[in-house]
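The following exercises are to be worked with the sequence and the coordinates at hand. Each task is followed by a solution in steps.

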Amino acid sequence: MRALVVYCHPHNDSFNAAVRDLVLAKLDAAGAETRVHDLYGSGFQPILTTAEWQGYLTCPDNCGPVSQEVADIRWCDTLVFVYPTWWYGLPAMLKGWLDRVLLPDVAFVMPDAQNKTIRPGLQHIRRLGVFTTCGASRWLTFLVGAPGKRTLTRGVGYLLKPGKRLVFAAHYLMDSSTPESRRKHLLRVAAKMDRLIGRAVPAPIPQPRSPQAAE
Amino acid sequence: MTRALVVFAHPCDDSFSAAQKNVVVGTLGAKGWEVDLADLYAESFNPVMSADERRGYHTVPANTLPVQGYVDRLRAAQALVIVHPVWNYGPPAILKGWYDRVFVPGVSFALVDGQVKPAMTHIRKLGVVTTYGGTWWRTKLAGDPPRRLVSRAFRYTTQADKLVYLALYDMNRADHAKRADYLARVQQAMEQF
């Protein structure tokens, strides 16, 4: 197993950081090789530039500005996202990672004379994990249609191997979360990771963070 | 009702998105709107919410200080029109970051007893002009995330009387005639706006 974990949160003492630590502990216990993209930690630049847009369709030169990210997504067979949901969607930082890294001939193949539509390009990825926190309730998120979840599970999910294993877990009402609700959520994440890996692997549950760092 | 904030998110001024923006700005101007164009790329908007900003997110009214200029421009407007391409089933990061950083509590919504209440009710008309790389079908299968954000979340926080969502799908294969048709649709919608 080769797992790429994309983590996006501005605070390193956040609850999302605890989720990330648990994900990594599970992967480690499963004997997986892992690579982490800590977008805030590494100062990732999320804006697709004018030059990148102009060279967007020029493969493989379009990979130049994000060559390491592209190498990692080509290397992995398991992709995990850990992030807070802001405005029902991905933080700009993570959205920018999709914009700049999921390029033509990397993530998808553009229409041509033979093919009328965009085709998936990440069929070597067999497992997708999506872990998030939402300020909104489950009900409100459902009413809005969970745009962030859909962007990853369906939008990105479509690019991966058909029949891939997919797990999703969200802690809703994050602003009124309690140590108990956060601990329960970590147990849920642990169970989902076992399913993603395909067997139960032992890993310690991280201590719930302080209420000041709820999300 | 006189002032419209047009938010534009595309890196190139010779793009089809820029053509849509020009039609929107020109048509609204000709119809007597006072148009304020927020061209996020040209204004070098920083879409990344910082660690400090996230910590102060719920501190009304100080939470607007990092983006006070944009909050003032938004509050001065009675109409909001957003022009952007859809990339990977969502707005470009620079625009998502504008939502993240500008639509903070007290500006777009208020939390009253833990319940979300609309606070962007000065916006009476809401418009989106966009293009998708994916086909209509594929977009619907994915659940059309960017449309839902506007038609449900923003519609709620503004309580707008009018919502216009214009989209051209399968944009990469749209020929000149289709694009011209789309620009005509945009012009007509903005005339009626």
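The radius of gyration is taken over C-alpha atoms, and the globule rule is 2.2 Å times the number of residues to the power 0.38. This is a predicted model, in which local features need pLDDT of at least 70 and side-chain atom pairs count only at pLDDT 80 or more, while totals for chains, interfaces and linings use all residues. Residues are numbered from 1 along each chain as its sequence is written, and chains are lettered from A and ligands numbered from 1 in the order in which they are written.

**Exercise 1. Determine whether the radius of gyration of chain A agrees with that of a compact globule.**

Step 1. For 215 residues, the rule gives a radius near 17 Å; chain A has 17 Å, so the two agree.
Step 2. Along the principal axes, the C-alpha atoms of chain A fill a box of roughly 55 × 35 × 35 Å.
Step 3. A residue is buried if 20 or more other C-beta atoms, placed from the backbone, lie within 10 Å of its own, exposed if 12 or fewer, and partly exposed in between. By this criterion, 48% of the 215 residues of chain A are buried.
Step 4. Two residues are in contact if their C-beta atoms, placed from the backbone, lie within 7 Å. Of the contacts in chain A with a separation of 6 or more, 80% join residues 24 or more positions apart.

**Exercise 2. Describe helix α1 of chain A and the place of L27(A) within it.**

Step 1. Helices (H or I, at least four residues) and strands (E, at least two) are DSSP runs, numbered from the N terminus. Chain A has seven helices and seven strands, in the pattern β-α-β-α-α-β-α-β-β-β-α-α-β-α.
Step 2. Buried residues of α1(A) include F15(A), V19(A), L22(A) and L27(A). The buried residues of this helix pack against β1, β2, β3, β6 and α7 of chain A.
Step 3. L27(A) has 25 other C-beta atoms within 10 Å and is therefore buried. Beyond its neighbours within four places in sequence, L27(A) contacts A3(A), A32(A) and T34(A).
Step 4. After α1(A) comes G31(A), with a positive phi near 80°.

**Exercise 3. State how many residues of chain A are in contact with chain B.**

Step 1. The contact joins 36 residues of chain A with 35 residues of chain B.
Step 2. α2, α4, α5 and α6 of chain A each supply at least two residues of the side of chain A that touches chain B. The largest share, six residues, comes from α4(A).
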